Amino acid sequence: QVQLVESGGGLVQAGGSLRLSCAASGSIFNIVTMGWYRQAPGKQRELVATISSGGSTNYADSVKGRFTISRDNAKNTVSLQMNSLKPEDTAVYYCNANLWTRALMRDDYWGQGTQVTVSS
């Protein structure tokens, strides 16, 4: 069993900042990629940012220059620093980990989601 637990999120005014964190635990052998996705009401889930075990990052164009993803491989955690937030960033944010379990099965795992609301 693998669990991803998110923290952070909440309500912030436009231009403000929030930090999301996610910790993975359980029967983990190796985490390949960690990342954040978001889903706004009535829209499909979309990629926000990902980071590899080697530190390579990938960002959605809409968040480049405003969001920063970071990772602690020793602690199996990933964080997302969100600055200059806009109302269009309002969504439920989900943590994702693509990993190998100790049973040597590779799969995607998701957190329960955390709400981010940006008021104008």
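## Strand β11 and its partners

Ala91 has Val116 of β11 as its bridge partner. This is a predicted model: local features need pLDDT of at least 70, side-chain atom pairs count only at pLDDT 80 or more, and totals for chains, interfaces and linings use all residues. Residues are numbered from 1 along each chain as its sequence is written, and side-chain values use heavy atoms, leaving out hydrogens and water.

Strand β9 (residues 91–101) pairs with β11 in the antiparallel sense over three bridges. Strand β2 (residues 10–13) pairs with β11 in the parallel sense over four bridges. There, Gln13 has Ser119 of β11 as its bridge partner. Strands are DSSP runs (E, at least two residues), numbered from the N terminus. They pair if DSSP finds at least two bridges between them.

In a regular strand, side chains alternate between the two faces of the sheet. Strand β11 (residues 114–119) alternates in this way. Thr114, Val116 and Val118 point to one face and are buried. Buried means under 20% relative accessible area, exposed over 50%, and partly exposed in between (1.4 Å probe, protein chains only).

Arg38 is found in strand β4. Its relative accessibility is 5%, so Arg38 counts as buried. The side chain of Arg38 makes a polar contact with the side chain of Tyr93 at 2.9 Å. A polar contact is a pair of N or O atoms within 3.5 Å; within protein, one must be able to donate a hydrogen and the other to accept it, and residues adjacent in sequence count only if both atoms are side-chain atoms.

The model has four salt bridges. Each is a side-chain nitrogen of Lys or Arg within 4 Å of a carboxyl oxygen of Asp or Glu. Glu46 and Arg38 form one, at 2.7 Å, N to O. Glu46 is partly exposed, at 37%. Asp89 and Arg38 form another, at 3.0 Å. Asp89 lies in the loop between β8 (77–82) and β9 and Arg38 in strand β4, so the pair ties together parts 51 residues apart in sequence. Both Asp89 and Arg38 are buried. Salt bridges link Arg38, Glu46, Arg66 and Asp89 in a network.

## A salt bridge with exposed Asp61

Asp61 and Lys64 also meet in a salt bridge, at 3.1 Å, N to O. Asp61 is exposed, with a relative accessible area of 63%. Lys64 is partly exposed, at 48%.
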